[in-house]
Amino acid sequence: MAPNEPTMVVPGEWNIRYFYTAGPVAAHFFQELKEHRRILGIRCPQCQRVLLPPRGFCERCFVQLSDWVPVALEGKIEAATIGCAHLEGLPEPPYAIAFVRLDGADTSLANFVTGVDFSDIEAAAARLHIGARVAVEFSPELAGRITDFHYRLLG
Amino acid sequence: MARGVDVTEPVAIVGIGLTSFESAKSGQAYGDMIQEATAKALADAHLQRDQVPSVVLAASDLIDGRGISSMVFASAAGAMLKDEIKVAEDSAAGLTIGYLRLTSELFDVSIVAGWSKSSESPLTLVQNLAYEPFYHRQLGMDDLAPAALQAARYCHITGCSPDAAAAVVVKNRRNGAENPRAHIRQAITAAEVRDSPPVWWPLRRAEVRTESDGACVLVLARGNRARELSDRPVWIKGLGWETDGYNLGERDLARFSALAGAARRAYAMAGINDPLHELDLAEVHDFTAYNELMAYEALGFCGPGEGARLAIDGVTDRQGTLPVNPSGGVLCTNPYASAGLLRIAEAALQLRGEAGGCQIPGARRALAHGMTGLGGQSHTVVILEGDKEKAR
């Protein structure tokens with residue numbers, strides 16, 4: 001091998017198709033989202049927590065879940081962040097993501113926060129403070145996906 | 001009071017092999033990088049490949065860009081026609097498997113190998129695929145987004161300010177500058193940390209893990225075999241590991257709950273009651289500066305909400321009560337799946353007195369921490385001790 005041989009790099013790409021089975025719990029959640037613009041949590045009969053996103057079993061109590069509970073379309077931010085850097089494969093920055101405790105739920109549901117002025121990141125972050133109230137806002141076209149809605153700051 | 005566990009045939013680290021750590025090892029094939037670290041670890045343990053019957057691997061298929069990448073690379077870690085097993089998470093978890101294989105007494109020596117060459121992959125896209133596909137994957141998050149949520153939540157709950165995070169960065173970067181094995185070897189000022197661009201608010205570029213190519217391989221041996229192979233065995237005195245639930249919206253984002261559990265188990269096994277004073281150093285997985293502060297609390301170096309104070313007061317500086325990340329940590333060197341094993345290797349080098357410029361004089365007992373998963377879902381804690389008879 002010659003000492004000055006150029007390095008060789010072969011490009012590759014994975015483009016692999018999956019069909020992810022939602023199961024009856026997620027399917028019902030997205031159906032209700034799409035058809036009735038409702039967000040449903042699921043209550044654990046043992047610990048009584050209303051879990052969002054809903055799931056087939058409570059990880060703590062390890063019992064199956066079936067008790068659907070509609071939660072409010074308003075809640076408060078538990079934690080938020082703003083994507084500020086260009087990162088390969090992710091949306092163009094800036095964009096805000098918040099984990100929101102919707103009223104009536106005991107866990108937080110993540111989504112984008114829209115309508116935020118990002119011209120000053122620190123000012124935007126201050127508006128997205130923990131405890132800030134947000135409302136669920138639905139997209140005009142619903143597809144039965146988590147991106148059917150986003151959060152908008154209230155007040 | 002923790003009394004400790006009596007292991008009649010204890011397990012020691014008897015071989016350490018590291019590659020250099022760089023942004024992109026574009027001049028070296030993936031498998032050659034792994035073989036380099038493995039050959040160094042075997043040489044350090046005065047062993048030939050055919051004398052090691054067990055091989056534990058730790059890697060990420062998506063970073064490696066090969067499905068079941070251990071099929072491609074196991075032989076590079078010396079595993080051809082051997083008993084081999086892989087963990088698809090941080091390599092510190094691989095150490096626990098290696099330990100259990102030796103204490104099972106089915107094996108007396110084992111390789112534990114971790115590697116990542118993340119420069120070959122679209123890393124943020126790879127991290128986005130770690131999100132489940134229904135509720136989270138469409139939200140444009142990578143592995144730093146949950147760490148940003150943790151930072152925001154941690155500051156909200158504890159009153160921690162960016163000054164404490166900057167103190168961690170300044171400390172680790174200063175340490176890394178003294179560590180001949182570190183990837184980033186450049187000190188930084190608090191003002192430079194503050195002026196570095198935001199990545200995921202509130203996290204700034206200087207406050208988050210770097211990205212490094214490299215491999216780390218250890219050789220473990222049990223009992224008298226360890227004493228035969230090394231004149232400076234580093235004994236594994238405590239181990240603990242724990243995994244939290246997946247859903248970030250259900251976790252306490254201001255705390256590493258699973259790390260607290262892992263630490264409790266490791267301390268009980270090693271008989272440690274007061275880690276701040278009983279340990280000589282700690283190598284923790286500082287994925288972000290805030291994560292290091294959270295680790296102080298989960299590891300019991302201080303009470304809840306006191307992590308920032310520890311950093312600002314210099315308690316975890318190299319001259320402090322308990323030096324944390326004298327190597328510079330993950331802020332300086334982050335070969336992803338091998339980052340946890342590198343924490344263990346750096347701690348072991350300290351206990352052998354071979355850490356070089358970042359050596360803590362007279363270090364006898366150390367903690368090493370590895371973590372995996374979004375927002376640090378899984379944690380491993382290892383307590384290491386230098387050899388009593390051979391202490392210098």
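Helices are DSSP runs of H or I with at least four residues, and strands are DSSP runs of E with at least two. On this basis, in the predicted model examined here, chain A comprises two helices and eight strands. Read from the N terminus, the elements of chain A follow the order α-β-β-β-β-β-β-α-β-β. Chain A is more spread out than a compact globule, because its radius of gyration is 20 Å, well over the 15 Å that the globule rule gives for 155 residues. Along the principal axes, the C-alpha atoms of chain A occupy a box of roughly 70 × 40 × 35 Å.

Burial, contacts and surface were also computed for chain A. Of the 155 residues in chain A, 45% are buried. Among contacts in chain A with a separation of 6 or more, 52% join residues 24 or more positions apart.

Three cavities of 30 Å³ or more are present in the structure, and the volume of the largest cavity is about 40 Å³. The lining of the largest cavity is formed by B:Gln150, B:Asp244, B:Arg251, B:Asp252, B:Leu253, B:Arg255, B:Phe256, B:Ser257, B:Ala258, B:Gly375 and B:Gly376. By residue class, this lining divides into three nonpolar, four polar and four charged residues. Among the lining residues, B:Leu253, B:Phe256 and B:Ala258 count as nonpolar, whereas B:Asp244, B:Arg251, B:Asp252 and B:Arg255 count as charged.

Terms used: Residues numbered from 1 in each chain as written. Chains lettered and ligands numbered in written order. Predicted model: local features only at pLDDT ≥ 70, side-chain atom pairs only at ≥ 80, totals over all residues. Heavy atoms only, no water. 1 Å grid on protein atoms, 1.4 Å probe; cavity = no way out; pocket = protein on both sides within 12 Å on 5 of 7 lines; lining within 4 Å. Points joined across faces, edges and corners; volume = space filled by probe spheres on them. Rg over C-alpha atoms; globule rule 2.2 N^0.38 Å. Buried < 20%, exposed > 50% of the residue type's maximum accessible area, 1.4 Å probe, protein only. Contact = heavy atoms within 4.5 Å.
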